[in-house]
Amino acid sequence: MASRRKFSVSKLLKSFIFAGKGIFYVWRSEPNFRVHFVVATLVTALGFALKIELHEWMAIILCMGGVLSAETFNSALEVLADATHPDRHPLIEKAKDASAGAVLMIALAAFSVGAIIFVPKLWLLITTLKFPSG
């Protein structure tokens, strides 16, 4: 029977430190993570500029977290696969492709959510602009 671990604030803090190291590793080593992060930052700025509603913020935040998490899981799988089998292997390649495909699916879903939220607001803004004649 497995022993129960006691709660410890120091262990909790260490787990946050390890998680931070993991995020920093992915930031340093994965250009796609940085691209997703920059896009998330731009989307956040656009959300503030267009004064999106609370429920829209919730959807946007969940999408951003999902995409960044998927990219992090993808990176973890790639590192583990490379450590387990450094040479090319068809099954490792399939696992990496599937993991990258998962990132693509959540990124496309996030893009769709962003389009649903932002396109009507941007369209209204563009169509109501008055340009000086002259």
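Tutor: α2 and α3 are roughly antiparallel to each other, because their axes meet at an angle of about 175°, and an angle over 145 degrees counts as roughly antiparallel (under 35 is roughly parallel, 65 to 115 roughly perpendicular, and the rest oblique). The two axes lie 10 Å apart. Axes here are lines fitted to C-alpha atoms, for helices over the stretch in contact, and the angles run from 0 to 180 degrees between N-to-C directions. The helices themselves are DSSP runs (H or I, at least four residues; strands are E, at least two), numbered from the N terminus. On the α2 side, the contact is made by Asn-32, Phe-33, His-36, Phe-37, Ala-40, Val-43, Thr-44, Gly-47 and Phe-48. They meet Trp-57, Ile-60, Met-64, Val-67, Leu-68, Glu-71 and Thr-72 of α3, where contact means heavy atoms within 4.5 Å. By class, the contact of α2 with α3 has ten nonpolar, five polar and one charged residues. In that count, Ala, Val, Leu, Ile, Met, Phe, Trp, Tyr, Cys and Pro are nonpolar, Asp, Glu, Lys and Arg are charged, and the others, Gly among them, are polar.

A word on the ground rules: this is a predicted model, in which local features need pLDDT of at least 70 and side-chain atom pairs count only at pLDDT 80 or more, while totals for chains, interfaces and linings use all residues. Residues are numbered from 1 along each chain as its sequence is written, and side-chain values use heavy atoms, with hydrogens and water left out.

Now let's bring in α4. The residues of the contact of α3 with α4 divide into 18 nonpolar, four polar and six charged.

The remaining pair is α2 with α4. Their axes come within 12 Å and cross at roughly 25°, and α2 and α4 are therefore roughly parallel to each other. α2 passes α4 in a left-handed crossing. From α2, His-36, Val-43, Leu-46, Gly-47 and Leu-50 take part, and they meet Val-103, Ala-107, Phe-118, Lys-121, Leu-122 and Leu-125 of α4. Eight of the residues in the contact of α2 with α4 are nonpolar, two are polar and one is charged. Leu-125, for its part, counts as partly exposed at 44% relative accessibility; the bands are under 20% relative accessible area for buried, over 50% for exposed and partly exposed in between (1.4 Å probe, protein chains only).

Lys-51 is in the loop between α2 and α3 and has a positive phi of about 55° although it is not a glycine. Most residues other than glycine have a negative phi. Lys-51 counts as exposed, at 67% relative accessibility.

Glu-56 lies in helix α3 and is buried, with a relative accessible area of 11%. Beyond its neighbours within four places in sequence, Glu-56 is in contact with Ile-117 and Lys-121. Ala-59 is also found in helix α3, but counts as partly exposed at 26% relative accessibility. Not counting residues up to four places away in sequence, Ala-59 touches Val-113 and Ile-117.

Technical notes. Left-handed = near helix turned anticlockwise from the far one by under 90°.
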